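Q: Please walk me through this model, setting values against their definitions.

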Amino acid sequence: MKANYMNCTDIWIPKLVMTAGEYSGPHLEPQIFFDYCFVHWKKKPPEEQNMNDPLMGKLTSSRQVNITRYMKVSMEYPCHLKVYRYPFGTYLCNISFSLVRAHLEMSLKPVDGEVGAYNVPYVFDHDLLDYHLMNVTAEAHPEHVMLTLHLTGQFDYHLLNSFAPSALMFFISYATLFFPITDFNERIMVSLTSMLVLAGFFAQASDSYIKTPYFKLIDIWYFVLIMLCFAVVISNTVVNSMRIKGSRSFSKMWPASSNTSIDDQKLKANTRAQVFNIICKIVLLLCFQLLVVLYFLFGNEII
């Protein structure tokens with residue numbers, strides 16, 4: 001294999017156009033580091049003397065000779081991703097390369113005869129902040145070549161910085177259902193504080209994560225947890241209301257002169273409140289487990 005290098009400006013070359021997306025996005029202006037052309041062949045073709053050239057150059061008309069243009073560029077281009085499953089999910093980011101065609105016979109073809117999408121070597125860092133680059137593929141079409149970045153969400157960071165703290169706040173709020181039902185002040189204060197802290201986490205997350213006009217999966221997580229914490233607050237309030245109303249009704253039904261002691265009256269009054277408190281424990285825990293299961297299924301794109 002031999003090659004003769006030349007300046008690309010000395011010959012006619014087709015103009016390369018780069019667009020974001022699938023051939024119809026905005027045009028890009030890359031930063032070119034170096035750009036050169038060369039002629040290479042496997043077997044040297046026959047040459048002819050060009051008598052019309054004052055420099056007495058040689059020419060060849062063999063189809064075995066290829067002119068290759070090598071460019072090293074850097075560019076920034078937008079990826080219009082639909083991040084409904086953020087921070088999970090898989091995404092595709094495309095960039096298209098096309099030629100300003102000089103005649104109708106010009107077309108793009110892969111060098112190795114690849115049909116369909118084929119992998120493109122990538123040796124740099126695959127961790128791109130919120131995303132992980134799985135692989136890069138290219139697909140040749142008659143009018144353009146489309147380069148596709150296959151991305152997946154990186155949720156490892158969010159496990160410790162989003163999901164774990166928010167789940168902990170819910171369990172702190174949920175733990176108030178195990179407090180004695182007579183300690184209403186402690187139950188309501190702890191559950192309310194946990195809900196407010198969780199709402200603060202949600203506001204902080206909304207400011208630091210990707211801003212979109214639609215809800216993402218992580219927004220749903222925070223919203224449902226806040227609603228569960230709110231349900232704990234309502235449960236504590238209802239349990240206390242049932243305990244107080246039941247105690248008052250028993251006091252009216254059984255006056256002090258009765259044989260039934262006051263302690264027995266209070267015990268009977270607390271029975272319905274205790275039963276309702278147990279039901280709330282079971283239902284809220286099942287709701288949280290259902291949230292985790294559905295979140296796992298949506299995050300892994302099973303549903």
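Q: What share of the 303 residues in the protein chain is buried?
A: Buried residues make up 30% of the 303 residues. Buried means under 20% relative accessible area, exposed over 50%, partly exposed in between (1.4 Å probe, protein chains only). This is a predicted model: local features need pLDDT of at least 70, side-chain atom pairs count only at pLDDT 80 or more, and totals for chains, interfaces and linings use all residues. Residues are numbered from 1 along each chain as its sequence is written, and side-chain values use heavy atoms, without hydrogens and water.

Q: Why is K82 called exposed?
A: K82 has 57% relative accessibility. The cut-off for exposed is over 50%, so K82 counts as exposed.

Q: Where is K82 found, and what is it in contact with?
A: K82 is in the loop between β6 (66-74) and β7. Helices (H or I, at least four residues) and strands (E, at least two) are DSSP runs, numbered from the N terminus. Leaving aside neighbours within four places in sequence, K82 is in contact with Y91 and Y214. Contact means heavy atoms within 4.5 Å.

Q: What makes a set of residues a nonpolar core?
A: Its members are buried Ala, Val, Leu, Ile, Met, Phe, Trp, Tyr and Cys residues, joined through side-chain atoms within 4.5 Å. The largest such core here has 36 residues; L151, W221 and L225 touch the most other members. α3 gives the most, with nine residues.
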